[in-house]
Number of protein chains: 2
Amino acid sequence: MRRADFKRKSRVIVVDDNYDHASGIRELINLEQDYEVIANAGNVNVAISLIKKYQPDIVLMDINMPEIDGITAISEIEKLGLKTKIIALTGYDDADLIYRAMKIGAKGYILKTMASAQLIRALDEVTMGKIYLPSVLCSKFFEYFQAAQRNEKAYNAADDEENLLNYLTNREEEVLGLLTEGITYKGVAQQLFISETTVKTHVNNIFQKLQVNDRTQAVLYAINKGFGARKKAKIA
Amino acid sequence: MRRADFKRKSRVIVVDDNYDHASGIRELINLEQDYEVIANAGNVNVAISLIKKYQPDIVLMDINMPEIDGITAISEIEKLGLKTKIIALTGYDDADLIYRAMKIGAKGYILKTMASAQLIRALDEVTMGKIYLPSVLCSKFFEYFQAAQRNEKAYNAADDEENLLNYLTNREEEVLGLLTEGITYKGVAQQLFISETTVKTHVNNIFQKLQVNDRTQAVLYAINKGFGARKKAKIA
DNA sequence: CTTAAATTCAATCTTTAGATTTAGAACTTA
DNA sequence: TAAGTTCTAAATCTAAAGATTGAATTTAAG
């Protein structure tokens, strides 16, 4: 599934503080008809200048580098908003590193110890707009990802056990929802087409159930228990 | 890399509302010496009862089901806190579904259209404690994941550009900090050893600067702009 | 059919909250 | 030294918030 010969070669920049290693990669890639290494960079600052200047199709970024690390570098490059795709490169299959690299936008992640065929395959996949993550690393990523999700949940909720929000009725939830948008009694009454005194009744019941004394505390309780999750959830 | 013969077979429960399909999977799996299907379930409620009862090693969960969907089901099963590992199963490679399934703890995700060899491989990998996500689906996942990360960033911050919190003085930040804990004027005054009227002055200035009308809105603004980030940040 | 819960509303009352104006003291900077 | 900012504070006033009691209606559950 290589790109056809009449298309121009994809331009690659290699970022690695180890010159020998960078050269090795360069030669390896230049053997391929679809790719050409247009520059090497030994540190992050040089890399960013080169990337700004040449806007390469792909950057191969070593993660373990002195001074500024590769993760920060990826983040900086992503901020430039170019079409350049970044593939991370390290010696270790550290779950945390993989997670962070992918989180900030790396399009692939490969180990230096992996066969050269994998490197080329990564270039191919990423060039086609896909993500390349070997199954071993994919597995590592999800280890970390799912652990992070579990923590997030444990933090937000204590899901059913002591979530006083579960005692609210439907209407009370509606009212609380509007409170969490900073709306007054009058405003809530208008939006729900009910009288202001009714709103007050609901709000008082909410306070009782949530064991708080005023709306600010109620709103804070709601947010901390993940009440506003809906809005944050519909990010796509 | 199959498990040795002397080990007991892994026990599998198949959840699918389509009986024919469930039977197909059952026969397929029962051909393998390492696995046995101990039950089928046509809907989520039955599935959960069976899982509680038999505590299988693996659950194959169809995502597209009537009434309660598979995603919710996975979430419920995860709440049980068993060692049971869940592999999601659908007809479509929808990025959103894959993301949600993996987020809540599925250990694998495969398409019904995929070859039976993939199903067995998924069982093998997951049994060994790894994640199984075919590269096509892995790529889909990251599409969604990275988009979500980008939105999260854009949502939380507008990082430096228009954060009205930057205009607050030190004292005002202190006061706002107490407001975000749901404390009254009187309480703030006591904690800061100043008079209540002084607190009111500060709060009014805060409202001006944040362009809001009351404390609830001020607190919401602060939280949305990451004012309380300290506490939430330390999830890992 | 009866009970219980949910939703609605009124009236009354007390307490905060919030707006506005004015101003002194401390500290910084031109 | 003068001007500006920050922090402090009081006085006054209006508007909102919150507590409490009591009650009618609807709907779900037993």
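Predicted model: local features only at pLDDT ≥ 70, side-chain atom pairs only at ≥ 80, totals over all residues.
Glu125(B) forms a salt bridge with Lys130(B), whose closest N and O atoms are 3.7 Å apart (a side-chain nitrogen of Lys or Arg within 4 Å of a carboxyl oxygen of Asp or Glu), and Lys130(B) is partly exposed at 26%.

In chain A, Glu125(A) is likewise buried, at 13% relative accessibility, and its side chain meets that of Arg121(A) in a salt bridge of 3.7 Å, N to O. Arg121(A) is partly exposed at 41%.

## A network around Asp16(A)

Salt bridges with shared partners join Asp16(A), Asp62(A) and Lys112(A) into one network. Within it, Asp16(A) and Lys112(A) are paired with their closest N and O atoms 3.6 Å apart; Asp16(A) is buried, at 3% relative accessible area, whereas Lys112(A) is partly exposed at 32%. Over all chains, the whole structure holds 18 salt bridges.

## Relation of the chains

Chain A can be laid on chain B with an RMSD of 2.7 Å by a turn of 178° and a shift of 2.9 Å along the axis, the superposition being by least squares on the C-alpha atoms of residues with pLDDT of at least 70 in both.

## Basis of the values

Residues are numbered from 1 along each chain as its sequence is written, and chains are lettered from A in the order in which they are written. Local features need pLDDT of at least 70 and side-chain atom pairs count only at pLDDT 80 or more, while totals for chains, interfaces and linings use all residues, and side-chain values use heavy atoms, leaving out hydrogens and water.

Notes:
Buried < 20%, exposed > 50% of the residue type's maximum accessible area, 1.4 Å probe, protein only.
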